[in-house]
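Trainee: I would like to learn how to read a model like this one. Could we take it feature by feature?

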Amino acid sequence: MPIDAAETPVDTKVEIPKVRAFRRLLERLILSEYLVFYITGVYFLIVWPIVPEIASFSSLRNILTDMLPLLVVAIGQTFVLIVAGIDLSVTGVIAMASVVGASIMTSDGGYLQGSALAIPVGIIAFLVVGGLIGGFNGWCVTRLNMPPIIVTLTGMMFLGGAAIWFTKAHSPTSSIAGLPRAFVAIGGGTFAGVPIALFVAIAVVVVAHFLLSQTVFGRWLYAIGINPKAAKVSGVPVDKAILWAFVISGVCAAITSMLLTGRLETGTPVLGQRILLDIIAAVVIGGTSLAGGKGKIIWTVGGVLFLVTIDASLKLLGSSLFIVFAVKGGVILLAVGLDAMRQRILARGSG
Amino acid sequence: MQVGENRTTLLLLNAAPWVAFLAVVVVFGVLSDRFLTIQNFMNILTQSSHIAIMAIGITFVLLTAGIDLSVGAIMYVAVAVLALFLGGIPVVIAFPLVGLIGVALGAMNGYFVIKLRGQHPFIVTLATLFILRGAAIFLTDTRMVFVEESVMSLGRTSYFGVPWAIWVFAVVFVIAWIVLRETPFGRQIYAVGQDPTAAAKAGINVPRILFSVYCICGFLAAVGGLVSIAQVAAASSTFGFQIEFPVIAAAVLGGTSLFGGRGGVVGTVFGAVLIQTVQSGLVMTNATPYIYPLVTAVIIFLAVLIDGLRTSILDTLGRRKIRVEEIA
C-alpha cells in the first residue's frame with residue numbers, strides 16, 4: 001500500500017530539518033483540495049513518455065468528450081452525497097429519459113414527428129423525466145422515511161425494466177432511432193470547433209458551483225450533511241433541501257442522457273447501464289464523502305478527469321479489461337486511504 | 001394522541017409482509033394451475049437458493065451497519081478458480097478450497113474496512129468489486145468457463161426427493177440462524193450494529209466482529225457461486241455481475257435494516273424466496289419478461305416503505321422501548 005509508504009516519514013522520531021520539511025510538504029499536499037488534479041498531472045506526465053499519443057489532439061479530445069456525460073451526472077450525484085444520501089437511480093433516469101425523449105422526436109412515428117416543436121418538447125421531456133424521478137426519490141426519502149440507497153436502488157431496477165418495456169411499445173427494434181439532426185448535435189456536434197456538449201457541461205458546472213458555494217441553499221445542504229438534527233433545530237428546511245438535491249441529481253442525469261443519446265443518435269434503454277459505479281467512484285475520488293457534509297463541484301471535476309484519463313491511457317496502452325478494472329479499484333482504495341490519512345492529520349493538528 | 005389507532009396500524013404493518021406473500025401465492029395459484037404444486041415450490045426454492053445463501057451472508061454484514069458490494073465479484077472469482085484450476089480434483093476437496101478462497105477474499109474486505117475506519121464499507125467494497133472482477137477476468141481471459149461433470153451432476157442430484165441446492169441452502173440457513181440467535185458472537189454482531197461505541201465500551205472487540213462478518217459474507221458468496229454454477233454449468237464474463245443488488249434487496253425485503261442491529265436470516269430467506277416466487281408466478285402466467293424487474297422493484301419498494309412507516313409510528317408511540325417482533 002502506498003499509504004503506508006507515505007506514512008513512514010510522519011512517524012519518524014528523528015527530526016532532521018530536511019525530513020521535517022519534506023513531511024510538511026507532504027502533509028500540505030495531502031491536505032490540498034486540489035490533490036486529485038496534481039495526481040492527474042503527475043500520472044499524465046508519467047504516461048506521456050510511454051504512450052506519446054496520449055498528448056495528441058485527438059486523444060485529448062477523446063478524453064474531453066468521454067468526460068462530459070460522466071461529469072454532468074457526477075455533479076448531480078455530488079449534491080446528493082453532500083446531504084449524506086446516494087442516488088443509484090441515475091442510470092435508470094439516463095435510460096428512461098433517453099427513450100421517452102426519443103419517442104417524441106423520432107422520425108419513425110414519434111409523437112411530434114416533423115413538427116417544429118419536436119426538439120424543444122423533446123428536450124423538456126428529458127428534463128421533466130429526470131426532475132420527476134428525482135422528486136419522487138426525494139419525496140420517498142423525506143416524507144416516507146425510506147433509506148435513499150433502497151429507494152434509488154428500486155428506482156434503478158424499475159426504470160431499467162420500464163425503459164425496455166417502453167421501447168418495445170414504441171419501436172420494433174431494441175432502440176429508437178431517427179432523431180432530428182439538430183438534437184443529435186447536442187451530443188456529437190461542434191460549434192466553432194468546440195463540442196456543443198462542452199458548453200452544456202460548463203454551464204452545469206458553473207450553475208452547480210454557484211448553487212453550492214454562493215447560495216443559502218448550498219449552505220443548507222452542507223449543514224444537513226454534517227448534522228441533520230442540528231440543521232433542523234437551526235431552522236433549515238431539511239426535507240425541502242434534500243428533496244431538491246435529489247431533483248438536481250435527476251435533472252443532471254437527464255442532461256447526461258441527452259448528451260449520450262445525441263452522440264449515439266438513438267434512444268436506447270441500455271444507455272449508461274454500466275457507468276453507475278464509475279459515477280460514484282469519480283465523485284468519491286474527487287474527495288466528496290459518502291458520510292455527507294463534504295464535497296465540492298471542482299473536486300468532482302478532478303475525480304472525473306482522473307478516472308477518464310486513466311481509462312484513456314489504459315486503452316492506449318492496449319491494456320486488457322482486467323487491468324482497467326483492477327486499476328479503477330486500486331484508485332478508489334487509494335482515494336479512500338488518502339481521505340482517512342487526511343482526517344488523521346487534521347485530527348492531530350486540532351488535538 | 002391516537003395511540004390506540006397507531007397500535008392497530010402497527011399490527012397491520014407488521015403482518016403486511018406475510019399478507020403480501022399469501023396474496024402473491026393466492027393470485028398466482030388462481031391464475032395458473034401449475035403454480036400451487038410441490039414441484040413448483042421445489043423449483044422456486046432451488047432457483048432462489050444461491051441468492052438466498054448470499055443474502056444470508058450479506059445479512060451478517062448489514063447487521064453491523066456495513067454493506068458488501070463485492071459478493072458478485074467473489075462469486076465469479078470462486079467459480080473461475082473452480083473451473084480453471086480445480087478441474088480434476090474431486091468435489092469433496094475442491095469445494096472446501098473454493099470456500100477458503102471466499103473466506104480469504106472476504107478477509108481482504110474486512111481488512112480494508114477495519115483499516116479505513118471512518119470510510120463507508122460501501123466505497124471500500126466498491127473498490128474490491130472492481131479489483132476482484134478484474135482478477136476474475138484476468139483468470140478467465142473474458143472467455144466462458146465450464147465446470148466438470150461431477151459438479152454439474154450435483155445440480156441434478158436429489159436426496160430424499162429434495163434437490164442438492166436446497167439442502168445446501170437449508171444447512172447454511174440453520175447454521176446462520178443458530179449463530180445469530182444462540183451464540184455470544186451473534187449477539188455481539190447485533191450489539192456492534194446498534195452502537196459500535198457502546199459495544200466497544202462493553203468490551204466487545206469491534207474490529208474482530210467486523211472482520212468476521214466480512215469473512216462469513218465472502219465465504220457464503222463463494223458457496224452461492226458453487227450452488228449457482230452447479231445449476232448452470234458455465235459462467236460467462238457477466239457471471240454474478242450486479243447480483244449484489246438482488247442479494248441486498250432480498251435481505252432488506254426480509255426486514256434487515258441497512259443501519260445495523262435489526263433483522264435476521266429468517267426474514268432474509270423469506271425475502272429471497274418471495275422475489276423468486278413472484279418471478280416464477282410471472283413466468284407461469286406468461287407475463288412478458290420485461291415486467292419482472294418492474295414487479296420485483298415494486299415489491300421491495302413497498303416492503304421498505306412499510307418498514308419506514310413502522311419506524312415512524314414507533315417514534316410517535318414515544319420513547320418507551322416497545323419490542324416489535326421482527327419478521328423473524
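Trainee: How are H9(A) and H12(A) oriented to each other, roughly parallel or roughly antiparallel?

Mentor: Start with the ground rules. This is a predicted model, where local features need pLDDT of at least 70, side-chain atom pairs count only at pLDDT 80 or more, and totals for chains, interfaces and linings use all residues. Residues are numbered from 1 along each chain as its sequence is written, while chains are lettered from A and ligands numbered from 1 in the order in which they are written.

Mentor: Now the general idea. Two packed helices are described by the angle between their axes and the distance between the axes. Axes are lines fitted to C-alpha atoms, for helices over the stretch in contact, and angles run from 0 to 180 degrees between N-to-C directions. Under 35 degrees is roughly parallel, over 145 roughly antiparallel, 65 to 115 roughly perpendicular, and the rest oblique. Helices (H or I, at least four residues) and strands (E, at least two) are DSSP runs, numbered from the N terminus.

Mentor: Here, helix H9 (residues 196–214) and helix H12 (residues 238–264) of chain A pack at about 170°, with axes 11 Å apart. H9(A) and H12(A) are therefore roughly antiparallel.

Trainee: Which residues of H9(A) and H12(A) meet?

Mentor: Contact means C-beta atoms, placed from the backbone, within 7 Å. Ala197(A), Val200(A) and Val204(A) in H9(A) meet Cys252(A), Ile255(A) and Leu259(A) in H12(A). By class, that contact has six nonpolar, no polar and no charged residues. Nonpolar covers Ala, Val, Leu, Ile, Met, Phe, Trp, Tyr, Cys and Pro; charged covers Asp, Glu, Lys and Arg; the others, Gly among them, are polar.

Trainee: At what angle do H9(A) and H10(A) pack?

Mentor: At about 70°, with axes 5 Å apart; H10 of chain A spans residues 216–226. That makes H9(A) roughly perpendicular to H10(A). The contact of H9(A) with H10(A) has four nonpolar, three polar and no charged residues.

Trainee: Which residues touch the most other members of the largest nonpolar core?

Mentor: A nonpolar core is a set of buried Ala, Val, Leu, Ile, Met, Phe, Trp, Tyr and Cys residues joined through C-beta atoms within 7 Å. In the largest, of 212 residues, they are Ile332(A) and Val77(B). Beyond neighbours within four places in sequence, the contacts of Ile332(A) include Ala281(A), Ile123(B) and Phe130(B).

Trainee: How many residues does each chain bring to the contact?

Mentor: Chain B brings 38 and chain A 37. The chain B side divides into 27 nonpolar, ten polar and one charged.

Notes. Buried ≥ 20, exposed ≤ 12 C-beta atoms within 10 Å, placed from the backbone. Contact = placed C-beta atoms within 7 Å.
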